[in-house]
Amino acid sequence: MPEGDTVWQASRRLHDALAGKTLTRSDLRVPRYATADLTGRTVLDVTPRGKHLLTRVEGGLTLHSHLRMDGSWRVYAGGQRWNGGPSHQIRAILGNADRTAVGYRLPVLELLRTADEDRVVGHLGPDLLGPDWDPDVALANLLKDPARPLGEALLDQRNLAGIGNVFKSELCFLLGVTPWLPVGELPADRAAKLPELARRLLEFNRERPIRSTTGRRGQDLFVYGRARRPCLRCRTPVRLADQGDGSRERPTYWCPHCQPGPTRPR
């Protein structure tokens, strides 16, 4: 599931394959950009911004993509078989003499002027893995709506950018509260450490092929994906329920013993 750490990894793979090289192939398979041609232009860099990817090319253009739940970018060497999915799921192809990057199932693909990037990422809060990271601003953003459930506040990219379902559940477990606790009721000492705890988790995982929050091999996550299995701390069965603001429900995991507080029954 793409979150800030996996998007960072994707950006690095794309940057290593494309940056500083001239595009010899360009195919954007969305109706709006079907006639757009980037061949002959040099890729300047590929930059992550929260869960967004910004591929900048010379001439002041940026290809903006977002992976959401199941999108992906794959990089292939010349002659290597493409294996990211059937051809009808391909939304973008960017290639040079050495490598080809193929975007599968991309729900967001947009070509815009680099000067206009704020139009698509300017609403984001501090990026947990970015140069703009500011824990004080992130915490202030979270606390602006004290009645909002903590899990929903963590997923709101306007507060801080990079957290998804996995890190939401794991952060709430490490803080010892349920995702339904109003963020304003989070004890002050735990609220103070939340932003840096989130940053450390993403930084620890941005270089890892398998995401881990426990540091235990074979038991990589405390609660996410462990419904009805014993909690790694207390052996109480982990619970699962949907959480959302009415527009979209997200799977949420928690231990009812280690995380006291308000809950939504399964």
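The buried residues of α5 pack against α1, α4 (150-155), α6, β9 (239-244) and β10 (249-254). Contact here means heavy atoms within 4.5 Å. Helices (H or I, at least four residues) and strands (E, at least two) are DSSP runs, numbered from the N terminus. The model is predicted: local features need pLDDT of at least 70, side-chain atom pairs count only at pLDDT 80 or more, and totals for chains, interfaces and linings use all residues. Residues are numbered from 1 along each chain as its sequence is written, and side-chain values use heavy atoms, with hydrogens and water left out.

Helix α5 is mostly covered, with ten of its eleven residues buried. Buried means under 20% relative accessible area, exposed over 50%, and partly exposed in between (1.4 Å probe, protein chains only). The buried residues of α5 are Asn165, Val166, Phe167, Lys168, Ser169, Glu170, Leu171, Cys172, Phe173 and Leu175. Gly176 follows α5 and has a positive phi, near 75°.

Thr178 sits in the loop between α5 (165-175) and α6 (188-205). Thr178 counts as buried because its relative accessibility is 0%. Beyond residues up to four places away in sequence, Thr178 touches Trp254, Gln259, Pro260, Gly261, Pro262 and Thr263. A polar atom of the Thr178 side chain lies 2.5 Å from the backbone oxygen of Pro262.

Two tryptophans were examined in turn. Trp73 belongs to strand β5. Trp73 has a relative accessible area of 4% and is therefore buried. Neighbours within four places in sequence aside, Trp73 is in contact with Arg13, Leu14, Leu53, Leu63, Ser65, Leu67, Ala92, Leu94, Ala101, Val102, Gly103 and Leu106. The side chains of Trp73 and Ser65 are joined by a polar contact of 3.1 Å. A polar contact is a pair of N or O atoms within 3.5 Å; within protein, one must be able to donate a hydrogen and the other to accept it, and residues adjacent in sequence count only if both atoms are side-chain atoms. From C-alpha to C-alpha, Trp73 and Pro262 are 39 Å apart in space, and they are 189 residues apart in sequence.

Trp133 lies in the loop between α2 (118-121) and α3 (135-142). With a relative accessible area of 16%, Trp133 is buried. Trp133 touches Pro126, Asp127, Leu128, Ala138, Leu160, Pro195, Glu196 and Arg199, not counting residues up to four places away in sequence. Its side chain makes a polar contact of 2.9 Å with the side chain of Glu196. Trp133 and Leu54 are 79 residues apart in sequence and 18 Å apart in space, C-alpha to C-alpha.

Strand β1 (residues 25-28) has two faces: Ser26 and Leu28 form the covered one, Arg25 and Asp27 the uncovered one. In a regular strand the side chains alternate between the two faces of the sheet. Four bridges join β1 to strand β6 (residues 90-95), and the two run antiparallel. Strands pair if DSSP finds at least two bridges between them. Arg25 stands opposite Gly95 in β6.

Positive phi values also occur in arginines. Arg68 is a residue other than glycine with a positive phi, near 50°. Arg68 is found in the loop between β4 (61-66) and β5. Its relative accessibility is 46%, so Arg68 counts as partly exposed. Arg105 is not a glycine either, yet its phi is positive, about 55°. Arg105 lies in the loop between β7 (99-104) and β8 (108-113). A relative accessible area of 23% makes Arg105 partly exposed.

A cavity is a set of points where a 1.4 Å probe fits but cannot get out; a pocket is an open set with protein on both sides within 12 Å along at least five of seven lines; lining residues have an atom within 4 Å of a point. Grid points are joined across faces, edges and corners, and a volume is the space filled by probe spheres set on the points.

The second largest pocket holds about 180 Å³ of space. Its lining has 14 residues, with Pro2, Arg13, Leu67, Gly71 and Ser72 nearest the centre. The elements giving two or more residues to this lining are α1 (4-18) and β5 (72-77). Helix α1 supplies the largest share, five residues.

The whole structure has one cavity of 30 Å³ or more. The largest cavity has a volume of about 40 Å³. Gly4, Trp8, Pro48, Gly50, Asp127, Leu129 and Leu202 line the largest cavity.
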